[in-house]
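Here are my notes for you, as numbered points. Keep the viewer open while you read them.

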Amino acid sequence: MTATIAAVTPAATPTPAKRRRLRFVANPKAATGLVVLAFFCLIAIIGKWIAPYDPSARSSDLIQAPSAKHWFGTTHLGQDIFSQVLVGTRGVMYVGLLAGLVATALSILIGVSAGFLGGAADDSLSALSNVFLVIPALPLIIIVASTIPSAGDLMVALVIGFTSWAWGARVLRAQTLSLRRRDYVEAARATGESTWRIITFEIMPNLTAIIASGFVGTVIFAVMSEITLAFIGISTISEWNWGTILFWAQSQQALAQGAWWWFVPAGLAIAILGTALSLINFGIDEFVSPRLRSSGHTRVKTNDGHSVRMRVGFTPVLSSKQAPATPVVRRKENAA
Amino acid sequence: MKFLFQRIAFYIFTAWAALTINFFIPRLIPGDPVTSLMAKYQGQMSTEAIQSLYVLFGLDKHQSVWSQYVAYWGQIFHGDLGLSFTFFPTPVSEVLKQSLPWTIALVGITTFASFMIGTSLGVIAGWRRGSIMDGLLPVTTFLSSIPYFWLGLLAITLLAGPGSFFPSSGGYEPGLVPSWTGSFIGSAIQHSLLPALTILISSVSGWILTMRNMMVTVASEDYITVAHAKGLSERRVMVSYAARNALLPNVSGFALSLGFIVGGTLLVEIVFSYPGIGYNLFQAVGAKDYPLMQGVFLVITLSVLLANLLADVAYLLLDPRTRKEG
């Protein structure tokens with residue numbers, strides 16, 4: 001008897017465990033986003049070596065449309081735009097990820113401690129994050145970055161990181177507040193765990209999804225801000241990134257010359273990277289709250305020819321042609 | 001009312017914080033970029049103008065930080081933001097006074113319109129989950145990932161150009177003088193169409209998505225089931241029951257994300273050379289015109305705070321619970 005059970009169960013157990021681990025990746029949105037992000041990370045690492053030309057090297061092919069020799073065409077100095085995009089990926093990814101890390105670390109520090117400590121600490125910390133939330137970040141970043149002489153990639157990443165943590169802190173604080181009175185946290189406190197242990201081992205694991213989506217959101221914002229800074233010519237133009245390409249395209253009147261290839265690849269790269277990151281975020285959102293998933297086929301035909309639209313939270317109602325109205329007999333009370 | 005007073009107190013506090021940040025930024029940076037600029041214009045500036053720049057940028061090293069701070073506040077309250085170097089010798093406040101109406105008209109109206117359009121589309125997308133509207137979501141995600149300024153560049157290439165209806169730059173026909181005449185207003189509207197469209201396309205999708213998600217969440221509440229059970233029309237349940245409640249978090253989200261949106265829309269002005277605050281900021285950055293930069297930051301921050309306050313008032317009107325005394 002026991003032997004048969006043992007023989008049946010082992011075959012079944014490995015599958016659910018494996019599925020659970022890959023559940024996040026199984027979400028098509030998240031999977032697409034992760035693949036694209038991995039591709040950009042790869043380019044960021046190897047871009048310098050696989051670029052066919054030196055991105056700053058001039059040549060005699062001035063403002064050439066895309067061809068087999070120059071895939072994305074050339075600039076006014078004959079520089080190869082394809083190489084510029086490849087080499088520029090590193091700066092974009094570096095600043096985006098570093099700023100994301102700095103901002104996420106700050107938001108965890110401020111958000112979780114505000115939510116967990118409560119009282120005066122909470123009041124002052126959430127006032128601080130609200131102030132940073134309301135002050136328009138981009139103009140602030142522009143001013144700080146342009147006041148610092150020769151702002152390199154590291155400086156830009158730090159400036160962005162230190163100004164864009166507020167949203168994450170706010171969300172984390174709200175979630176921590178709701179976690180901190182849960183039974184399991186009370187139990188941990190009753191068994192004498194230290195505050196730090198409770199925060200790092202009891203509360204933080206339950207905030208993983210929020211932290212992750214906050215990180216991804218900040219990376220999107222950081223990439224956009226960095227490219228903006230380069231585009232309006234604040235960060236050093238000696239280091240290539242996608243914004244630098246757009247800066248030159250704008251300042252050399254690429255539009256008036258009809259040189260669409262000068263700014264289209266860099267902009268598309270930004271949009272694709274941004275979309276990939278947003279998709280990862282949707283994946284996280286749907287992972288946490290499955291109700292948000294776009295449900296596939298919802299219209300169901302019943303046997304008697306009616307069609308019903310199934311929706312979460314709704315009682316399905318038969319949309320019949322015209323239900324025969326119940327005859328209402330009015331008594332003529334007035335006449336009497 | 002208590003809610004409103006709390007919010008006003010918070011905004012005053014934020015305004016103070018922003019002004020203080022504005023005070024410290026130039027003082028924390030090594031070197032004196034302003035001094036070199038002043039040297040360039042030596043002899044052309046009045047002693048008063050020099051004095052106000054000294055106060056704003058803390059060039060007078062003999063004063064303590066506290067007395068610098070007090071002097072700085074006194075000057076801000078007089079509306080004296082120093083001289084702009086880009087538009088020398090126009091004071092910064094004068095420059096901003098000219099460009100602010102353009103920005104408010106363009107950014108204010110389009111942001112509001114984008115919120116309204118996006119929210120309405122989001123209501124439908126959330127209500128009819130699983131219909132064609134869900135297929136639109138990836139498209140809108142892609143559109144919102146495009147930087148505003150790049151979409152602007154694209155719009156100029158595709159739609160503007162010699163002989164096109166859409167002008168590619170400026171806020172009005174170069175020959176015209178700003179006034180309240182029909183030809184000027186017509187020209188201004190014509191010039192603002194393309195920038196407005198750019199902002200609208202790239203900002204609308206965010207609202208669609210948040211509103212959709214809120215609708216999906218609200219749709220499973222008990223009161224929706226009750227409304228259905230009462231036999232109310234689908235439309236009535238969607239608009240008066242679900243959307244009305246789903247709107248609340250979206251309005252407070254609108255207030256909070258204004259800072260982000262305004263930052264992005266300022267770039268559209270840069271691309272279109274639109275005579276607003278964003279373009280001023282661009283010119284100031286190019287010329288290392290620190291007084292103008294600081295002035296722009298101040299004005300943007302204060303406008304965003306004011307817009308936030310308006311959003312709070314709207315929230316107050318929409319949500320009866322906040323009006324309850326006690």
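1. One term before we start: a residue is buried if 20 or more other C-beta atoms lie within 10 Å of its own, exposed if 12 or fewer, and partly exposed in between, with C-beta atoms placed from the backbone. Ser273(B) has 17 C-beta neighbours inside 10 Å, so this residue counts as partly exposed. Look for Ser273(B) in the loop between helix H10 (234-272) and helix H11 (277-287) of chain B. Ser273(B) is not a glycine, yet has a positive phi of about 50°. Most residues other than glycine have a negative phi.

2. Some ground rules. This is a predicted model, where local features need pLDDT of at least 70, side-chain atom pairs count only at pLDDT 80 or more, and totals for chains, interfaces and linings use all residues. Residues are numbered from 1 along each chain as its sequence is written, while chains are lettered from A and ligands numbered from 1 in the order in which they are written.

3. Now for the scores. The model has ipTM 0.80 and pTM 0.80. In chain B, the mean pLDDT (the predictor's confidence in each residue, from 0 to 100) is 81, and 90% of the residues reach 70 or more. Which elements of chain B have the lowest and the highest mean pLDDT? The lowest is H2(B) with 68, and the highest is helix H9 (residues 222-229) with 88.

4. On to chain A, with its 14 helices and two strands. Helices (H or I, at least four residues) and strands (E, at least two) are DSSP runs, numbered from the N terminus. Of the 336 residues in chain A, 42% are buried. Take a look at helix H4 (residues 28-50) of chain A: there is a kink of about 45° centred on Ala44(A). The bend at a residue is the angle between axes fitted to the seven residues ending there and the seven starting there. Ala44(A) is also among the buried residues of H4(A), which include Phe40(A), Ile43(A) and Gly47(A).

5. How do the two chains meet? The contact takes 47 residues from chain A and 50 residues from chain B; two residues are in contact if their C-beta atoms, placed from the backbone, lie within 7 Å. On the chain A side, helix H6 (119-134), helix H7 (137-147), helix H12 (208-231) and helix H14 (260-288) each give two or more residues. By class, that side has 30 nonpolar, 15 polar and two charged residues. Here Ala, Val, Leu, Ile, Met, Phe, Trp, Tyr, Cys and Pro count as nonpolar, Asp, Glu, Lys and Arg as charged, and the others, Gly among them, as polar.

6. Chain B is divided into domain 1 (2-77) and domain 2 (93-323), with bounds from an automatic or database domain assignment. Their contact takes 16 residues from domain 1 and 14 residues from domain 2. H1(B) gives the most to the domain 1 side, with 10 residues.

7. Finally, the record. In the model, residues 260-284 of chain A are 100% helix, with end C-alpha atoms 36 Å apart. Residues 102-127 of chain B are 100% helix too, and their end C-alpha atoms lie 37 Å apart.
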